[in-house]
Amino acid sequence: MPRLRIAWVMTYVALLAMALYNLLPFFWMVSSSLKTDIEVTTFPATLLPRALTFEAYHRIWAQEGFLQYFVNSLKVSGATALLSATLGVFAAYGFSRFDFRGKRALMLAFLASQMLPGVLLVGPYFKMLSLANLFDTHFGLILAQTTITLPFSVWMLKGYIDTLPVEIDQAAMIDGASRWQCLFYCVLPNILPGLVATMIFAFLLAWGDLLWALCLINTPEKQTMTLGITNLVGQFRVLWSDVMAATVIGCMIPAALYLMLQRYLVQGVAGSSVKG
Amino acid sequence: MIGERYTGWWFVGPAGLVMALILGFPAIAAVLGSVNLGWGSTKPFGIDSYLRLWGDAEFRQSLWNTAIFVVSVVSLHFLLGMSVALLLDRPLRMRWLFRVIAILPWTMPDVIGGIIFRFIFDTLYGGINALGLAIGWIDQPVDWLGRPGLALLSVILAEAWRGYPYVMLILLAGLQAVPREQYEAAKMDGAGAWQTFVYVTLPNLRTMIVIALVLDTVWECRLFGMIFGMTGGGPGQATQNLTLLVYRHYFQFFDTAYASSIAVVLAAILLVAAMPYLRVAIRRAE
């Protein structure tokens, strides 16, 4: 009995150590965002704010453009998720339910394309968009994000559709349903949770992106959240309390969405190569 | 599976076309660009960009930085990820809470992580130096991000923190699929905790370990935001990886051909590294 108890205590001690390790940077971020701009630049740094203040948040929200960055990120990430889910559902259904010439090669192409680095595409992409007059537009940025999100959406959705028995389709078709009706009325309702999970993953990948926004967006009013925050640090004197307030705002949406997605995370991550 | 010879194409076609246009086309253009066959290239066809790579000290350093960074980070991710996955695989009280905490670092966009750690490692106002001084590890503030070796170490530590939940999640999925009877059998045979881990857990986990290591390697090789936000590749080029190097050649020096050749080398490395994963994934999908 005592040996079991020791094992139990050790497990929880280890878990608490893990929690401390994971939470400390978050704690530091939130704590610094609540300090005055004088306290945040005292040496050595204080652990907790001496005087709690929301000044940094007020300043960041009042700062020109910050709300706009937030809206831009929502718009670009939302549209990316919608586009890759729409195209992805059809492709996933095709891969899951049909046998056709070139299927294996195409599946491999979708999978391997997830391994390509974004910097390989960014140069030619830049030129393509300039030629099409799409440089410095959100539409161009959305298409660029789709290069990352579409392949994994297809693979993830295929995994969900594969779990449904083909008999569902066959039964519906015997009753006179067309292929499209099958997809919309039999398959889609059954994979709805998976579809939502896929869309949220795509949203988060787009939300966290910096490279594409940095290369394809020029006008300040069109910048996304990550780019706006990065530019705060690029300035001459960094106001750390304000920057930390901005990062708190930038982290909140992904953290909330991931926590809602908790249940799907394990299977989703194992089923495809997703990372924010 | 329903065997209609071409019907499947109607479903797969749109996504395939879009991918060919926004991914296939630029990828091919990049490869062509690296041998001076790209748009607006004035030089004749040639592999001079690749020849230049050989003699370029900055390229060598970036390659070396990438190698050190990826090997260290992936090893740390594996150690941390495996430990936490084993902890979370046990029956626990408040397991959901620990799971939530365990994945939190990974929810942070990488560039935001980079900015936060840039502040944490700050010489004067950062938390690391404040902590070190308070405990007595150091007697004066250390310039973490200003000294080449320390800067690389700091970036490695920061990314080790941010990325490990990803590896943990894949390993946890693997652990939960291990048949419980095998643990029972090992227990009946009198196996200890370590023996059970080596002879039951690890063999069952082999595929998931390969997947986790390969995917993590690919992600860490092309990491951009974390390093861009934390050091911008500096001091000098001490923390510059291949991704940042390509970015600089494109958008600071506007040397398209040379930038493409580095990107092509990086893409080739990634595709080769991803081979084991591609094989497993295709086999599973069929």
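I began with the secondary structure of chain B and counted twelve helices and zero strands. Helices (H or I, at least four residues) and strands (E, at least two) are taken here as DSSP runs numbered from the N terminus. I note that the model is predicted, that local features need pLDDT of at least 70 and side-chain atom pairs pLDDT 80 or more, and that totals for chains, interfaces and linings use all residues. Residues are numbered from 1 along each chain as its sequence is written, while chains are lettered from A and ligands numbered from 1 in the order in which they are written.

Overall form of chain B. I read the pattern along the sequence as α-α-α-α-α-α-α-α-α-α-α-α. Taken along the principal axes, the C-alpha atoms of chain B fill a box of roughly 75 × 75 × 30 Å.

Domains. I looked up the domain assignment of chain B and found domain 1 (9-46) and domain 2 (57-285); such bounds come from an automatic or database assignment. I find the C-alpha centres of the two domains 31 Å apart. Their contact takes seven residues from domain 1 of chain B and six residues from domain 2 of chain B, where two residues are in contact if their C-beta atoms, placed from the backbone, lie within 7 Å. On the domain 1 side I recorded two nonpolar, five polar and no charged residues. In this classification Ala, Val, Leu, Ile, Met, Phe, Trp, Tyr, Cys and Pro are nonpolar, Asp, Glu, Lys and Arg are charged, and the others, Gly among them, are polar.

Helices H1 and H12 of chain B. I find that the axes of H1(B) (residues 7-34) and H12(B) come within 7 Å and cross at roughly 115 degrees. Axes are lines fitted to C-alpha atoms, for helices over the stretch in contact, with angles from 0 to 180 degrees between N-to-C directions. Among the residues that meet are B:Ala30 and B:Gly33 in H1(B) and B:Ser260 and B:Val264 in H12(B).

I checked H12(B) (residues 256-285), which spans only 38 Å between its end C-alpha atoms, whereas a straight helix of 30 residues would span 44 Å at 1.5 Å a residue. The expected span is 1.5 Å times one less than the number of residues. I located a kink of about 50 degrees at B:Met275, shortly before B:Pro276; the bend is the angle between axes fitted to the seven residues ending at a residue and the seven starting there. H7(B) bends by about 40 degrees at B:Gly163, and B:Pro165 follows within four residues.

Chain A against chain B. I find 85 residues of chain A in contact with 87 residues of chain B. Helix H12 (residues 240-271) of chain A gives the largest share of the chain A side, 16 residues. That side divides into 59 nonpolar, 20 polar and six charged residues. I also examined helix H1 (residues 2-33) of chain A and helix H4 (residues 95-103) of chain B, which pack at about 35 degrees with their axes 9 Å apart. The contact includes A:Leu15 and A:Met18 of H1(A) and B:Phe98 of H4(B).
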